[in-house]
Amino acid sequence: MASPCEVLSRAGRTVAREQLRAVAEEAWRIEEKFSRYRTGNVVDRINTAQGTPVDVDPETADLLDFAAELHRLSDGRFDITSGVLREVWTFDGSDRLPTAREVGRVLGRVGWDKATWVRPRLTLAPGMQIDLGGIGKEYAVDRAALLAAALDSAPCLINFGGDLMAVGETNHVPWQVGIEAVGPNGGNPARYIALARGALATSGDARRFLLRDGVRYSHILDPRSGWPVTGAPRSVTVAADTCTQAGMLSTLAMLMGREAEAFLARQGVRYWCMR
Amino acid sequence: MGVEPWERGVLAKPEMQLVVDPLEAGIDDHIYFSKEASSGGRGFGGGGCGCN
Amino acid sequence: MGATDGGREPGSGQFVQRLAAATCSLLGIGSTVPVLAQEEPTWALDTSFLYYGESDERVQDLSLNVLARRLFADDKVLSFGLVYDSLTGASPSGAIPLNEVQTFTRPSGNDVYTVQPGELPLDDTFLDTRYALTATWQQPLGRLYTGSVGLSFSTEYDYTHAGLNFGITRDFNKRNTTLSLGAAIARDEIDPEGGAPLPLAPMGNIGDLSARRPGTEDKDVVDLLIGVTQVVNEHLLVQVNYSLSDSSGYLNDPYKILTVVDPATGEGIARVPAPGTAGPLHEYRFESRPDQRTKHSLFVQGKYYMGGKVLDVSWRYMTDDWEIDSHTLEAKLRWPLGDRGWVEPHLRFYTQTEAEFYRPSLPVGELPEFASADYRLAPFDAWTAGLKYGFRTASGNEAGIRLEYYRQDGSVPDGLLIGNQDGDALSPELDAVILTVSYGFDL
């Protein structure tokens, strides 16, 4: 998960410990199963299949169904096969951009439409890879939250590195979550969100970028062109019913670049942008 | 005439508000109120003055 | 800009619903529970510093403006405004240039000032400081209505204003149409230096306040507004307002005068101050305006979004029972520059006809009920051309700088010229520079 994870629970001490254990085990389970850094897990088998079909378990199939639906709903902006673009893009603050030719070559191996997904069988073209990092963390938060809620109805907050889900009773003092965001006039104060129930997820550029000729290239790559999105906010925080939804909305907002706020305004969700 | 709620993206941009900068609008209203015979139209200003 | 920016956006309004369905499927739940997230309010501050300067040693104004807004839960807004204004310099008194030296008594009656032959008489008595405060509360009233109530107050050494305003808006047609109604009432108190001069009273020597009314004067103003805002399409918004303004009470400028002239030559009438005192060397009379004025205004504005640029165009027509008609045409084009900045050229054209009782000078022997030589009631055209540059700073605050040039050019109708008077010399002319520097941030 590569970020600190915590559980804040208002349940009694014994139950809280059980909730913590359940959440931690679920987080580690999902990490081991879906991380692209682990050898032997389902993602590794898919990424080393060299064009041969791979049959997956129901949970993985559910994630692939979700990824396929979001690829369609987002007109291709969300694409779990776009990870290979990191072979030509290194966002180290330098001015080293890849050439159009280099990007073009890698782009040939990007595109969910180049994969064949008929549940439970996934066939990637040779050289393609999938990366579930874009949905894995938020999915883990939601799964963990369901487990914690099943153990006790007292308010409980799951926080995996800034992606949050609050479950349990709502007639208590809400959780105070601090975020950095642009105010109605500009300004980056610490803003405080009173979260009684539901999720907050943030997508940001974490100061990873390239700078050349005065143009700043953020690390959000559009999988349709292979090039970075221009004019994206520095970070976007969205409030939604589940962390999966909040994460997807904030990711897509970043992918909309200059139109991030307009996109989120259209969806009727509460959001905070930092530019 | 009009748009569906999900078509309001552009209209939600701050630069598409009818009065983008209320402070600047107030300053200009006051300048022109002191130098010309007309005033207002958009809304109400903050009030009169003895500008000579 | 290719497919990465502003391309076909994901779906229509069904995107959120489909995302919710896909999520329920993924998590194996029937439905989601609605999120409860509320932002804690902060203060948003807008500040602006203004320099206004006219050429030829006329008026200069420095002012500081602050607007503070606080958002509360459920879309309630409280806002406070503060303006501090410091005015220096000289303003035309309404007297015309003559071929001789002119001397005038100051409004206080305590001193005189002198103007050289051929010079436009300017009165530099007004070193004035003004403070103004506004407070407004706005909140939704049910799903489709918004109401607002506000107070305004301002004070300077010879003028005080207090006002109350109300507004209500109602949305129709999926919020594509908004109807606005507004009303404002104000009571202003004028306390002229030396007392208000009696209408068309002659300007007296030092110490002579016999033709003045002691005490303060009052002015009442009622404003009514009705407006419609309409979303035409995704990129175009239009507003039409009709407003009515009714002022009654003391509407004169207590310091403005008219030069009394020979009906044949148009030259000034010499006068000798009483022995042992100083006073005017020519005859002048204080102006007189009606004690009632009704103005009607029609205002139309459009905002048009053109792929990142925003065009703002407006027209205002005003007509009143002083027989003044005016048109104001204004256009602004906001042009994005890079990721953080924008530039906005601005053009404004204004034209007005003269008040029915406007005259540059008064022939001796004629004593009309109303007369004023105030250039602001004269016929003139005015142009403003300006450029504003704004940007978001690295810390995310808004900054802006604006430079504008304002020019007024009048032409006195021949029918109002007397004898050998030269229309060019009497026609109002004004050149001014406007500079504003602004900064917005949150607390």
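Colleague: What should I know about the model before we start?
Modeller: It is predicted: local features need pLDDT of at least 70, side-chain atom pairs count only at pLDDT 80 or more, and totals for chains, interfaces and linings use all residues. Residues are numbered from 1 along each chain as its sequence is written, and chains are lettered from A in the order in which they are written.

Colleague: How many residues does the contact take from chain A and from chain C?
Modeller: It takes 55 residues from chain A and 42 residues from chain C, two residues being in contact if their C-beta atoms, placed from the backbone, lie within 7 Å.

Colleague: Which element supplies the largest share on the side of chain A?
Modeller: That is β8(A), with ten residues. The residues on this side divide into 23 nonpolar, 17 polar and 15 charged; Asp, Glu, Lys and Arg count as charged, Ala, Val, Leu, Ile, Met, Phe, Trp, Tyr, Cys and Pro as nonpolar, and the others, Gly among them, as polar.

Colleague: And how many residues of chain A are in contact with chain B?
Modeller: Five residues of chain A touch six residues of chain B. On the side of chain A there, three are nonpolar, none polar and two charged.

Colleague: Changing topic, how many helices and strands are there in chain C?
Modeller: Chain C has two helices and 26 strands, taken as DSSP runs (helices H or I, at least four residues; strands E, at least two). Its C-alpha trace spans about 105 × 45 × 40 Å along its principal axes.
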